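Trainee: Could you walk me through this structure and explain the terms as we go?
Mentor: Gladly, let us look together.
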Amino acid sequence: MPTLPEPLAAILEDPAAHIGGTDATLDLCLDRVLLNEILAARPKDTPVEELLLDPEAGNLVNLHLQVHAPVIGNVRRKISLKPGPAVSFPDQPWLRLNITSGFKMFDKPIIKMVQGQIAEKLPRGIEFTSDYLQLHVPALLTAAGYQQLVPLIKELRLTSEANRLVVRLRIVA
Amino acid sequence: MHPVQKHLFDTNFKDLAGSKIEGTIAISDELINMGIMDFLNGLKSGAENDAPSKPSPAPAAAPPALDTKAILALLEVETLKFRTSEGQAMLEVNASLVS
């Protein structure tokens with residue numbers, strides 16, 4: 001983990017002592033161009049050759065995917081994802097995106113390959129099936145060394161608008 | 001510099017337009033003092049690095065500078081109230097980045 005400035009490290013060490021009394025909501029709007037810059041910065045050694053996000057109005061996100069899968073070779077898919085309910089602690093720790101369309105009947109090799117990549121390269125707490133992608137937010141924060149932040153997150157929600165994804169985060173310390 | 005950070009700097013954060021923050025942010029006195037020391041130490045180490053040294057034959061490309069004026073032009077502040085209470089400072093804020 002990179003060395004953090006001392007004040008940030010102090011907040012992570014003991015949030016209640018340093019930011020106790022905070023109650024703030026951040027709506028972070030991520031434009032499609034920025035989202036695709038983030039995806040383009042992914043590690044080079046993945047078999048995913050193209051990965052583009054296209055958020056739509058009405059809470060629907062399209063993911064354009066091109067992968068080289070065993071047996072079936074190069075395939076392109078447009079997967080539609082619908083963000084699920086907000087994460088809140090401790091009752092609802094999963095950030096879920098339901099797959100509403102995109103995978104075809106014989107896409108099992110693609111799904112297996114993505115599952116293998118997730119298991120091999122990413123921390124525990126990410127589940128991917130033909131029906132959904134879900135992230136266990138406390139497990140991922142803990143794996144990143146930020147477990148002290150988990151109880152502070154009172155709401156974490158993803159929504160989609162035309163050409164942008166909105167991340168709502170409410171922190172109460 | 002990370003490519004995403006570079007993109008944000010190059011575009012003056014315009015791809016975050018519409019973002020907003022609302023609420024109360026509490027900061028302990030200890031954290032404020034830590035921040036001041038961190039800032040001063042940063043200035044000191046910056047001054048040491050600026051000291052004349054052997055000229056480099058091929059200087060590396062400078063990272064893109066942050067255009068604070070352009071970013072502040074995007075910032076719309078509806079509320080910004082500062083108050084202190086025992087052992088901490090409170091900031092009530094309602095601000096957004098406009099396009």
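Mentor: We will go through the terms one at a time, from the interface to single residues. This is a predicted model, so local features need pLDDT of at least 70 and side-chain atom pairs count only at pLDDT 80 or more, while totals for chains, interfaces and linings use all residues. Residues are numbered from 1 along each chain as its sequence is written, chains are lettered from A and ligands numbered from 1 in the order in which they are written, and side-chain values use heavy atoms, leaving out hydrogens and water.

Trainee: What makes residues of chain B count as in contact with chain A?
Mentor: Contact means heavy atoms within 4.5 Å. By that rule, 26 residues of chain B are in contact with 26 residues of chain A.

Trainee: What is the area buried between chain B and chain A?
Mentor: The size of an interface is often given as the accessible area lost when the parts come together. Buried area is what two parts lose on being put together, summed over both (accessible area, 1.4 Å probe). Here that is about 2,000 Å², with carbon and sulfur atoms giving 60%. In chain B, the residues that lose the most area to chain A are B:D15, B:L31 and B:M34, together 24% of what that side buries.

Trainee: How many salt bridges does the rule find across the interface of chain B and chain A?
Mentor: A salt bridge needs a side-chain nitrogen of Lys or Arg within 4 Å of a carboxyl oxygen of Asp or Glu. Across this interface the rule finds zero.

Trainee: Which element gives the largest share of the side of chain B that touches chain A?
Mentor: That is β1(B), with nine residues. Helices (H or I, at least four residues) and strands (E, at least two) are DSSP runs, numbered from the N terminus.

Trainee: How many bridges join β6(A) to β7(A)?
Mentor: Three bridges join these antiparallel strands, and A:F128 stands opposite A:L133. A hairpin through three residues links β6(A) to β7(A). β7(A) also pairs with β5(A) in the antiparallel sense, over five bridges, where A:N98 stands opposite A:Y132.

Trainee: Why is B:L91 called partly exposed?
Mentor: Buried means under 20% relative accessible area, exposed over 50%, and partly exposed in between (1.4 Å probe, protein chains only). B:L91 is at 27% relative accessibility, so it counts as partly exposed. B:L91 is found in strand β3 of chain B. Leaving aside neighbours within four places in sequence, its contacts include B:G23, B:T24 and B:F82.

Trainee: Which residues of α1(B) are buried?
Mentor: They are B:V4, B:H7, B:L8 and B:F9, and they pack against α3 of chain A. In α3(A), the buried residues are A:L34, A:L35, A:N36 and A:L39. These pack against β1, β2 and β9 of chain A together with α1 of chain B.

Trainee: How do you know that A:D31 caps the N-terminal end of α3(A)?
Mentor: Look at the distance: a side-chain oxygen of A:D31 lies 2.9 Å from the backbone nitrogen of A:V33.

Definitions and conventions
Pairing = 2+ DSSP bridges. Polar contact = N/O pair within 3.5 Å; in protein donor to acceptor, adjacent residues only side chain to side chain.
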